[in-house]
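Me: I'd like to learn how to read a protein model, one feature at a time. Can we go through one together?

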Amino acid sequence: MMKNKENTINYKEIGIFILVLLAIIFVLLKVVPTNFRYGILIALGISMIVIPLTKKTIIDRDERNYQIDLQAKAFAFNILEVVFGFLLLSFSIMHVSFVALVLTLTAYLIIKMVNLLAFSYYHKNN
């Protein structure tokens, strides 16, 4: 039995992910000249904002793909909480500026607040 083209791996998203990782590595290793570092970071920031806003459509709108998508998002959210914890801990150990610590903590608290509000909303409406 042949697979449908809709169920294959999305190489475009994997390629973008690899390019973003390479850009981050080049910026951290200071391979890129100083003037380009901020441009790369701005482009990465814009892409991190725009990509989630362009909602990914599930090609086969069946229940199984919907549940897989929800499980993947839940797993990513759980990993995100751990990553934020490690990030705050490493920033504290490295004595990063207080502003960076506060911004990281604020981002974490915003994510947790949205999680709690969404849980409350869906609990009441379902």
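This is a predicted model: local features need pLDDT of at least 70, side-chain atom pairs count only at pLDDT 80 or more; totals for chains, interfaces and linings use all residues.

Me: What secondary structure does the protein chain have?

Reply: Helices (H or I, at least four residues) and strands (E, at least two) are DSSP runs, numbered from the N terminus. Here you get four helices and zero strands, so the pattern along the sequence reads α-α-α-α.

Me: How do I describe two helices that pack together?

Reply: Two packed helices are described by the angle between their axes and the distance between the axes. Axes are lines fitted to C-alpha atoms, for helices over the stretch in contact, and angles run from 0 to 180 degrees between N-to-C directions. Take helix 3 (residues 63-93) and helix 4 (residues 98-125): their axes come within 10 Å and cross at roughly 160°. Helix 3 and helix 4 are therefore roughly antiparallel (angles under 35 degrees count as roughly parallel, over 145 as roughly antiparallel, 65 to 115 as roughly perpendicular and the rest as oblique).

Me: Where is Thr104, and what does it touch?

Reply: Thr104 lies in helix 4 and touches Phe84, Leu87, Leu88 and Phe91, leaving aside residues up to four places away in sequence. With a relative accessible area of 9%, Thr104 is buried (buried means under 20% relative accessible area, exposed over 50%, partly exposed in between, with a 1.4 Å probe and protein chains only). Across the chain, buried residues make up 10% of the 126 residues.

Me: How many salt bridges does a search of the whole structure find?

Reply: A salt bridge is a side-chain nitrogen of Lys or Arg within 4 Å of a carboxyl oxygen of Asp or Glu. The search turns up one: Lys112 pairs with Glu81, and their closest N and O atoms are 2.6 Å apart. The pair links distant parts of the chain, with Lys112 in helix 4 and Glu81 in helix 3, 31 residues apart. Lys112 is partly exposed at 24%, and Glu81 is partly exposed at 23%.

Me: Is His95 buried or exposed?

Reply: His95 counts as exposed, at 70% relative accessibility. You'll find His95 in the loop between helix 3 and helix 4. Its phi is near 60°, a positive value in a residue other than glycine.

Technical notes:
Residues are numbered from 1 along each chain as its sequence is written. Side-chain values use heavy atoms; hydrogens and water are left out. Contact means heavy atoms within 4.5 Å.
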